[in-house]
Amino acid sequence: TASRRLQQTLSQILPQDASTAAKAALVTTENRRGVAVLTIRNPPVNALSENVSSELAIAIAKANVDPAVRAIVITGAGGSFIAGADISSFQRLQQGQETVENFRAFLMKSHEMLFS
């Protein structure tokens, strides 16, 4: 069923860091006459971060199983789309707080989600 597919997809993409749930939504969803408009809200330039990627993946998964949704549009708030990766990810890499493998996995997951 659609509900089961959504649960399976969400279990694969939900962030491991529970603290993200307490923050303001980085991706909002609005249904405009059958079109799910997903708006990235990560000022100032809507940089792609792990949290944005996770929220976007969740929003896409929900829209994909919603029978009222015929199409999905991804946009950025404030006049800019994704202006690149969040540079704090690079800083964590340089400081040894992030592994290259984890960072590469994040980039691959983001690419796959946006372009598949």
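Start by selecting asparagine 42, in the loop between β2 (35-40) and α2 (50-65). This is a predicted model. Asparagine 42 counts as buried because its relative accessibility is 16%, under the 20% cut-off. Show its side chain. One of its polar atoms lies 2.8 Å from the backbone oxygen of alanine 47. Now display what touches asparagine 42, leaving out neighbours within four places in sequence. The contacts are Leu26, Ala47, Ser49 and Val52.

Select proline 43 and proline 44. A cis peptide bond joins the two, with omega at about 10°. Proline 44 is in the loop between β2 and α2.

Move to asparagine 46, also placed in the loop between β2 and α2. Check its backbone: phi is positive, about 55°, although asparagine 46 is not a glycine. Is asparagine 46 buried or exposed? Its relative accessibility is 2%, so it counts as buried.

**Out to the other loop**

Next, select arginine 33, in the loop between β1 and β2. Here too phi is positive in a residue other than glycine, with a value near 50°. Arginine 33 is exposed, because its relative accessible area is 78% and the cut-off for exposed is over 50%.

**The sheet**

Switch to cartoon and pick out the strands. The 3 strands form an open sheet, ordered β1-β2-β3, with mixed pairing. β1 (27-32) and β3 (71-76) are the edge strands, each pairing on one side only. Neighbouring strands of this sheet are turned against each other by 20° on average, direction ignored.

Zoom in on β2 and β3. In which sense do they pair, and over how many bridges? They pair in the parallel sense, over 6 bridges.

**The core**

Now bring up the largest nonpolar core. It has 15 residues, and Val27, Leu38 and Leu56 touch the most other members. At least two residues come from each of β2, α2 and α4 (100-115). Which element gives the most to this core? That is α2, with 6 residues.

Stay on valine 27 and show its contacts, not counting residues up to four places away in sequence. Valine 27 touches Leu38, Thr39, Ile40, Val52, Glu55, Leu56 and Ala59.

**Zoom out**

Finally, select the whole protein chain. Its secondary structure comes to 4 helices and 3 strands. Trace them along the sequence and the pattern reads α-β-β-α-β-α-α.

Colour by burial. Of the 116 residues, 32% are buried.

Take contacts between residues at least 6 apart in sequence: 71% of them join residues at least 24 apart.

Notes
Residues numbered from 1 in each chain as written. Predicted model: local features only at pLDDT ≥ 70, side-chain atom pairs only at ≥ 80, totals over all residues. Heavy atoms only, no water. Buried < 20%, exposed > 50% of the residue type's maximum accessible area, 1.4 Å probe, protein only. Contact = heavy atoms within 4.5 Å. Polar contact = N/O pair within 3.5 Å; in protein donor to acceptor, adjacent residues only side chain to side chain. Pairing = 2+ DSSP bridges. Axes fitted to C-alpha atoms, helices over the stretch in contact; angles between N-to-C directions. Core = buried A, V, L, I, M, F, W, Y, C linked by side-chain atoms within 4.5 Å.
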